[in-house]
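These are my notes from one sitting with the model. I wrote down what I looked up, in the order I looked.

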Amino acid sequence: MATYTPLEPAQPWIQVQATQEDWGSADPALLATMLGQLHLIRAFEETVLELAGEGLVHGPAHSSIGQEGGAVGSAVGLRSSDAVNGSHRGHHQFLAKALGYVAPNGLDLQQLVTPDISTVLDKTLAEILGLARGFCKGRGGSMHLQWHDAGALGTNAIVGGGVPLAAGNAFAQKRAGTSDLTVTYFGDGAVNIGSVLESMNLTSAWDIPLIFFIENNLYAVSTTVEEATGEPRLSGRGVGFAIPSFRVDGMDPLSVYLTMQKAEEYVRAGNGPAVIEAEVYRFFHQNGAFPGSAFGYRSKEEEESWRARDPLTMMADQMKALGLINDEIVASVRQQAQEAMSAVAATLVEQDPEGKPGVRRIRPDLWPEPSFVDVGVRGDLSELSGARTQERSDYTGEVIEVRFVDAVADVMDRNMSADDRILVLGEDIHRLKGGTNGATKGLAEKFPDRILGTPISENAFTGLGGGLALDGRYRPVVEFMYPDFMWVAADQVFNQIGKARHMFGGESAVPLVLRTKVAMGSGYGSQHLMDPAGIFATAPGWRIMAASNPYDYVGMMNAALACDDPVLMIEHVDLYMTKGEIPAEGLDYQIPYGTASLVREGSEMTVLTYMSMVNHTRDALDSTGIEADLVDLRFLDRASLDWDTVGESIRKTNNVLIVEQGAVGTSYGGWLADEIQRRFFDYLDQPVQRVTGSEASPSISKVLERAAIAQTAEVEAGLRRVIAAKGAR
Amino acid sequence: MASVVRMPEVLAGATEAVLSTWSVAEGTEVAVGDVLAEIETEKATVEYQAEEAGTLARFLIQPGDSADVGTPIAIFTAPGDDDAEISRALADAGVNSAAAAEAAPTLVELTPSPSIAEPQASLVVDQQPALVPSASRLFASPLVRRLARESGVDLATVTGTGPGGRIVRKDFDAHQARTSAAPAGTVVAVAPGPPRNPAGYVEVAHTGMRKAIARRLSESKSTVPHFYLSADCRVDRLVQVRSEVNAAKGVKYSLNDWVVKAVAMAFMEVPDANVIWGDTAMRRFDSADISVAVATEGGLFTPVIRGVESMSLGAVNTAIAEAAGRARSGTIKQEEIEGGSFAVTNLGMYGTTEFAAIINPPQWGILAVGAATQRPVVENGSLAVGSVMTVTLSADHRAVDGALAAQWLAAFQRHIENPVGLLL
């Protein structure tokens, strides 16, 4: 008969409850600060709901009324250099961290609202209303509140989406040698999301100082936690990843505070992450000023029972019992908070001159200028000014011939030697003599703690890279083994990293390089063989580069690593084994940013292409004898494309062929053709023609794979098609 | 009784037309003269009126559809006609009544529909939609529209050879070259950069000029009954007089100037030969308007020198030089290269001693002038050396008979052999 031995989790799972003794021994100043913060946040949220009720909050107003205890209890003890981020319901966490930053010595209940606090309330409310003087210049609104100086990394409207970024911030804190930590707040709805669970795993594996703070308010909109999971005690998730996990009554700020103390002790000591589950209750529905019972998913009785445990009342009662305050002080605190908010609101809204008395409107001069709409989608590239640029045609020194893939490793080696901020993350990049293709060859041996083989969890490690980049102390390089994995990490790639700078006001640098390789022709089939350029070209924020030869690659990677925006560097397996010349000494040059390369000149047409298709096009021009301008675009995104070179050629030839290899649906050339027909309509003698793969993603079968992609034969056909449409004369 | 309305022949010779709009709704009762529809051809849009009273019961094509002339486009009913009557009319017209009920344009050549081209190679599938020409509007590439706007060209005068008849840059360029060139000069334009061909030959695409030459000269040679007369002209005196005149006046009249003048004088002497052939009548001219070939970089132009009979040799020389200058600078006008009853072509400068040329209709003749060379000649029974220039007249037998042509050629020979007369 088998033996059955109970197994124990590697880390404990603990319920925490403050005792009366704890209340008695608590620092009265700490309790006063918590009471003051609770009231400021409550008054703030009431003002938001009041304005929302008047139709002055554009979009949802996710109120935290009822949940203030968890945020205040957890944030009140944090350092300014600690960081927090949160979710769509994040006003209370943001304010708790910001108030702690502007009032590091606590709050004075007699003089609750200092000018600094008033400013915080003003800039936060202005942001929620979408006004220019908000923390993110009105871009972020209620769900994207960021104040870097205060350690508020930015709240996030994607459920669980901010968690990997918080892991990256915590990783930066750890690598910088500090004992700082990051708290990531999210709700019961987020706990079943891959980003959260992947991040628990990754932070546990790498001992990253992150506290997962689950606000379990029992409802994901209207879906109950019991409906959503078989283990509604959500802190149980942490134990499975060997993370010490705590459960606490979130309506009791002191209990939360004590739980945080315990978790912080473990995390700051370098042991890795902790999980805290605080049971809280939002008094209102998901958003707006009506209770959940009005929507029928919970009862008034249940709401009454939770309202009876209001953290503001609980805090005041305990302090009164300890003789620290009386009803008069409580009423004064409440009044000070309300008056402060009335004053703030009065500076943002005014009587609507066209409305009835009492009808208010946003003060018109406070809106952002419409022209601000695209400012800061990317940076201004000032960080590249003064860089040493050098084209192959300009270089006359000694050269060596190398394989493309070795140039990939060489230029990374050179940059990592010169700049210890660079970290490389990816699957198997630290083994197999340089990863699956040798692109990190020799680097793991030379930089063992900077070439980081990740678990297979693209959302977590990509988001971690994003968090590292946003922190500013590191310049991460993330590798996707295959480009199709971007779909797995799509939230981090597109919603988070690509949008971060713009969404939070346009000023945060996101210096991240994402490397990946196109592998069409390698037989890896439908889910590995895309060209990601087309999809990334649709995404704001990203810059895209693709080199056709080792010399260009070196100069473009140097630019990518120096750039303060996220850069996708696309490589191709067909090119890895090809050889080309690079300088024997001195790899520290950049290709002039945003310039295409005119590889060949000819009058028949302009061929626009990139990466491996440059070679296929060259071959096709040779075999057909057609003379065309062959433009290697090199810099592919909307902001970086070399319109000068492209335009000059189109004005000369009047005929355009865009050549790429991959499936037509996700292809790159669509936006480019669109832009060309609008910019150069009067110079075109025929529609912009294109060479792409088929609609199907390339199959495993060698014949079907070949049929699905474009190579030299398809380029030849495309060239002939253009010639044919030039007329019969 | 129900009847079928067919696409009318709006314009003589038109084979198809486009229904722009139905002017009345389906089922409308109309009187004689009511406008039923607007019908458009390349040249005109006309109102199509009812020829009898009745009801326009069914539309068989939709606005924008193009249909061959004679194609049923609607069913017309008389009072009392029922559905059966309509069905019969449809059947008579060869229209499936179910399809017609939906006004499905099954009978008409229609508008672009996607079709799959033959794969060009086993792995290359070219899925470009086929383009079908439309009579309803003119297609020109954006580039051509801009060029036409800038140079004031009416694109209706340009024929397109791009997909679906689109006017593309090559068409425009060819049109520009043609309008500034001779209508039928022996122009050979060199196509830029012919594609290299591994088969051992190259294919040089036809230029518009090349095609025009081929078409016109094939037509001339196959429809104009040519006959040929040659004469060996003694030009010792012409050579002598020319060099004396050139020396005396400090000018450089070419031999060709003298030939053109002699041609004109021959017409004055044989006015019956100064004609062109027409379908119903011969047209006879009073003055001698002679086409002269001028070589330029862009090809050969044949400006017409008018009234040569009354010009001095110097004036002929000047007129030819000025026309040549305009031809070379591209400023020659269309009217300068139109007209004339006769042409002179001269290959003497290449050493050609004798050749025959093809007539450029509607002119009746062309004189092919060879090189003046020293040849053995018989003078008074003994052999001597003389300057001889062989000329060959190609004549249109419809316009000029052999005797008349011979008369004219003899007159020419007399004048060219007595050059002093040409100076008068």
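Between which strands of chain B does the loop with Pro362(B) lie? I found Pro362(B) in the loop between strand 16 and strand 17 of chain B. The peptide bond from Pro361(B) to Pro362(B) is cis, with omega near 10 degrees.

**Ground rules**

I am working on a predicted model, in which local features need pLDDT of at least 70 and side-chain atom pairs count only at pLDDT 80 or more, while totals for chains, interfaces and linings use all residues. Residues are numbered from 1 along each chain as its sequence is written, and chains are lettered from A and ligands numbered from 1 in the order in which they are written.

I take helices (H or I, at least four residues) and strands (E, at least two) as DSSP runs, numbered from the N terminus. I call a residue buried if 20 or more other C-beta atoms lie within 10 Å of its own, exposed if 12 or fewer, and partly exposed in between, with C-beta atoms placed from the backbone. Two residues are in contact if their C-beta atoms, placed in that way, lie within 7 Å.

**Chain totals**

For chain A I noted 26 helices and 24 strands. Buried residues make up 57% of its 729 residues. Of the contacts in chain A between residues at least 6 apart in sequence, 77% join residues at least 24 apart.

For chain B I noted 9 helices and 18 strands. Of its 424 residues, 36% are buried. The corresponding share of contacts in chain B, again between residues at least 6 apart, that join residues at least 24 apart is 61%.

Strands pair if DSSP finds at least two bridges between them. An open, mixed sheet of 6 strands runs in the order 9-18-17-16-12-15 in chain B. Strand 9 (226–234) and strand 15 (304–305) of chain B are its edges, each pairing on one side only. Helix 7 (residues 255–269) of chain B packs on this sheet and touches strand 12 (290–292), strand 15, strand 16 and strand 17 of chain B. The direction of helix 7 makes about 155 degrees with that of strand 16 of chain B. Strand 16 (residues 342–346) and strand 17 (residues 365–379) of chain B are parallel, with 5 bridges. Ala343(B) has Ile366(B) in strand 17 of chain B as its bridge partner.

Two packed helices are described by the angle between their axes and the distance between the axes. My axes are lines fitted to C-alpha atoms, for helices over the stretch in contact, with angles from 0 to 180 degrees between N-to-C directions. Angles under 35 degrees count as roughly parallel, over 145 as roughly antiparallel, 65 to 115 as roughly perpendicular and the rest as oblique. A crossing is left-handed if the near helix is turned anticlockwise from the far one by less than a right angle, and right-handed if clockwise.

I first took helix 6 (residues 162–175) and helix 16 (residues 458–471) of chain A, whose axes come within 6 Å and cross at roughly 55 degrees. That makes helix 6 and helix 16 of chain A oblique to each other, and their crossing is right-handed. The contact residues of this pair divide into 10 nonpolar (Ala, Val, Leu, Ile, Met, Phe, Trp, Tyr, Cys and Pro), 1 charged (Asp, Glu, Lys and Arg) and 7 polar (the others, Gly among them). Helix 6 of chain A contributes residues including Gly168(A) and Phe171(A), and helix 16 of chain A residues including Gly463(A) and Gly467(A).

I then took helix 4 (residues 91–102) and helix 5 of chain A, whose axes come within 9 Å and cross at roughly 150 degrees. Helix 4 and helix 5 of chain A are therefore roughly antiparallel. Their crossing is right-handed. Among the residues that meet are Phe94(A) and Leu95(A) from helix 4 of chain A, and Ile117(A) and Val120(A) from helix 5 of chain A.

**Positive phi, chain A**

Lys137(A) has phi near 60 degrees and lies in the loop between helix 5 (115–128) and strand 3 (152–155) of chain A. Lys137(A) is buried, with 20 other C-beta atoms within 10 Å. Ala242(A) also has phi near 60 degrees, but counts as partly exposed with 16 C-beta neighbours inside 10 Å.
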